[in-house]
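Work through the exercises below with the sequence and the model open side by side. Each task is followed by a solution in steps.

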Amino acid sequence: MLSLTSRLESETDRAIFHESLLPRAGKAMPAQIERYRRVMAGWKPSATASVAAAGASESPVLFPSAYGADPTGKQDSTAAFQDLMQDLLSRNAGVSPWLGFARAGAKLTAAAAPSAAPPDAR
Amino acid sequence: MYLISSSIVIPPNYGNAQFIHGTLRASASWSDPSRFLVELGSSDCHNSQASCNMNVAFTGILFDGSHVAAGSLLVTATMGTVVGPMTYHTGFVVAGVQLDGGHETMITQSWFCEYFWGDKRKENATLLHGSSGVLIDGNDHFMLDSIVAGAANGVVLHGAANLLQGVHTWNDATAHGGRGIVSTAGQNRFIGVYLDFTDLTVVDPTSTVVADSFFLGGGRIELVPKTGTVHGFDVRDCEFQDAYNIPGGAIIITNRTAPWASGKAFQSVTDATVDGTTVQSVPAFQPLAPKVTLTAVTDATGSATLAFAPHMPFTGQEAPIQSVQFSVASNGAWVTGEAQFDAAALTVTVRTTPATAGAAVTVTADQSKRSVNL
């Protein structure tokens, strides 16, 4: 989700950059800048906000202490970390179907078969 | 800081996770000395890239194996892992980070020391357990801008096509049987590394590059024959300084009794180049290179014999002279020269016509075959 936001910001930056190179008033506007302006005119902040909110819920931060781990290091926290990892892995999203990764939220007990050969197989 | 007594395991087919901030320490009741604090992936991975985890990072974490765990982090069959920045690995017995298979793990801006730098146990070969700061048994990995300050071996590479850049090994282990960097596979590149009182050991150098690097306090390049083949070994623009501890003071040596040696001599040397090196040290410290230029003055018979063996890393039997270039000039007299070499003895003789004493002779001899003349 953050990457989407960054990309839009980057396009904004590019538009600003190009605008700084614009000829002054009265000169023709380059088609590229016109295209960026059309892109930015169609950009709806509300859509970005909803995407960011979805990202927050999909990428939580898990704190060991919430699972009973002892942050002072006096007590063994192995069981707490096992609980944390179980929670993490139950939420963890897959990366790429062609690598045989799990779909989001899937519970994995064995490697899924690749659905297709990776495009950059060496 | 959290104590754990068994490994945190991330099984195959998981990705998109980042472990950040804090300390993980093995407790005194650590369950299995062969296991690492965190283990990512498994060798039970059967896709065409042999990589079943992706996009997992470890950032800002101190790992302490407490000398009971094998190490900090075992990464198996994983593509796209990042270790660092700001990770610190100590108390490991096998390795700080071990990479088995996979591709393109990036270890960056991290420290590795089995013992802290002020701990005298780091100078005890037995207590060092033969440990490695980083052990890479895979291809295409990166280790960047990182330090190994205390381990038997700084970085050990058993895979190919890995890049070490900006890696500083000052594990002080050479005098205790250890090494700074060891490469037992080809196509590895060492750019801007700093061998600080430690050796860079290369077994059967193949398509290996050492460039812009600094060797201090007797740090050398050690060549070890296993099959005995050298094919593409390029040392460029390196500095060697203060070889106080080295008998003979050679910057490139051959070691036929190192742990990875087969007992064979070198059989073939092709495209081995040492160029642009700077040497500053005691007089006995000298560069050994497969291609060497020497100068001499003709004697009363009008000839000069130049012995290259003391200046070359390979014996004449392993790598006889392949080519010779020479020039001869006399102060005030016209002379021509002829040259003859004894390839196996690594000597070149130049004589002048007419026989002229005191003529200046310059000879370049190369004991490496050249596959392509560029």
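**Exercise 1. A threonine and its surroundings**

Task: Which residues does B:Thr76 touch, leaving aside residues up to four places away in sequence? Is B:Thr76 buried or exposed?

Solution. The model is predicted.
Step 1: List the contacts. B:Thr76 touches B:Leu40, B:Gly41, B:Ser42, B:Ser43, B:Asn53 and B:Asp100, with residues up to four places away in sequence not counted.
Step 2: B:Thr76 belongs to strand β6 of chain B, residues 71-76.
Step 3: Apply the cut-off. Buried means under 20% relative accessible area. B:Thr76 has 10% relative accessibility, so it counts as buried.

**Exercise 2. A loop alanine**

Task: Where is B:Ala300, and how far in space is it from B:Thr356, C-alpha to C-alpha?

Solution. 
Step 1: Find the segment. B:Ala300 is in the loop between β30 (291-297) and β31 of chain B.
Step 2: Check the cover. Its relative accessible area is 75%, so B:Ala300 is exposed.
Step 3: Take the distance. B:Ala300 and B:Thr356 lie 7.2 Å apart in space, C-alpha to C-alpha, and 56 residues apart in sequence.

**Exercise 3. The partners of β5(B)**

Task: Which strands pair with β5(B), and in which sense, parallel or antiparallel?

Solution. 
Step 1: Start with the strand itself. β5 of chain B covers residues 53-64. Of its 12 residues, 9 are buried, and the strand is mostly covered.
Step 2: Take strand β3 of chain B, residues 15-26. It runs parallel to β5(B), with 9 bridges between them. In this pairing, B:Leu24 has B:Phe63 as its bridge partner in β5(B).
Step 3: Take strand β7 of chain B, residues 78-83. It is joined to β5(B) by 5 bridges, also in parallel. Here B:Met54 has B:Met79 of β7(B) as its bridge partner.
Step 4: Take strand β8 of chain B, residues 87-90. Its link to β5(B) is parallel and has 3 bridges. The bridge partner of B:Asp64 in β8(B) is B:Thr90.

**Exercise 4. A two-faced strand**

Task: Which residues of strand β34 of chain B form its covered face? Which strands does β34(B) pair with?

Solution. 
Step 1: Sort the residues. In β34(B), residues 347-353, the covered face holds B:Val348, B:Val350 and B:Thr352. The uncovered face holds B:Thr347, B:Thr349, B:Arg351 and B:Thr353.
Step 2: Find one partner. Strand β31 of chain B, residues 303-307, runs antiparallel to β34(B) and is joined to it by 5 bridges. B:Leu306 stands opposite B:Val348.
Step 3: Find another. Strand β33 of chain B, residues 336-342, pairs with β34(B) over 7 bridges, in the antiparallel sense. B:Ala339 stands opposite B:Val350.
Step 4: Look at the turn. β33(B) and β34(B) make a hairpin with 4 residues between them. In that turn, B:Leu346 has a positive phi of about 60°.

**Exercise 5. The nonpolar core**

Task: How many residues does the largest nonpolar core have, and which have the most contacts inside it?

Solution. 
Step 1: Recall the background. In soluble globular proteins, nonpolar side chains tend to be buried together.
Step 2: Count. The largest nonpolar core has 83 residues. B:Ile10, B:Phe58, B:Ile221 and B:Phe308 have the most contacts inside it.
Step 3: Ask which element gives most. Helix α4 of chain A, residues 78-91, supplies the largest share of this core, with 6 residues.
Step 4: Follow one residue. B:Phe308 touches B:Val292, B:Leu294, B:Leu346, B:Val348, B:Val363 and B:Ala365, not counting residues up to four places away in sequence. Among these, B:Val348 is on the covered face of β34(B).

**Exercise 6. Cysteines**

Task: How many disulfides does the whole structure have, and which cysteines form a disulfide?

Solution. 
Step 1: Search all chains. There is 1 disulfide.
Step 2: Name the pair. B:Cys45 and B:Cys52 form a disulfide, with their sulfur atoms 2.2 Å apart.
Step 3: Assign the hand. The torsion about this S-S bond is about 90°, so the disulfide is right-handed.
Step 4: Check burial. B:Cys45 and B:Cys52 are both buried. B:Cys113 counts as buried at 1% relative accessibility. B:Cys238 also counts as buried, at 1%.

**Exercise 7. Chain A**

Task: How many helices and strands does chain A have?

Solution. 
Step 1: Count the elements. Chain A has 4 helices and 0 strands.
Step 2: Judge the cover. Of its 122 residues, 25% count as buried.
Step 3: The accessible surface of chain A is about 8,200 Å², and 59% of it belongs to carbon and sulfur atoms.

Conventions
Residues are numbered from 1 along each chain as its sequence is written. Chains are lettered from A and ligands numbered from 1 in the order in which they are written. This is a predicted model: local features need pLDDT of at least 70, side-chain atom pairs count only at pLDDT 80 or more; totals for chains, interfaces and linings use all residues. Side-chain values use heavy atoms; hydrogens and water are left out. Buried means under 20% relative accessible area, exposed over 50%, partly exposed in between (1.4 Å probe, protein chains only). Two strands pair if DSSP finds at least two bridges between them. A nonpolar core is a set of buried Ala, Val, Leu, Ile, Met, Phe, Trp, Tyr and Cys residues joined through side-chain atoms within 4.5 Å. Contact means heavy atoms within 4.5 Å. Accessible areas come from the Shrake-Rupley method with a 1.4 Å probe; for residues, only the protein chains shown count as cover. A disulfide is a pair of cysteine sulfur atoms within 2.5 Å.
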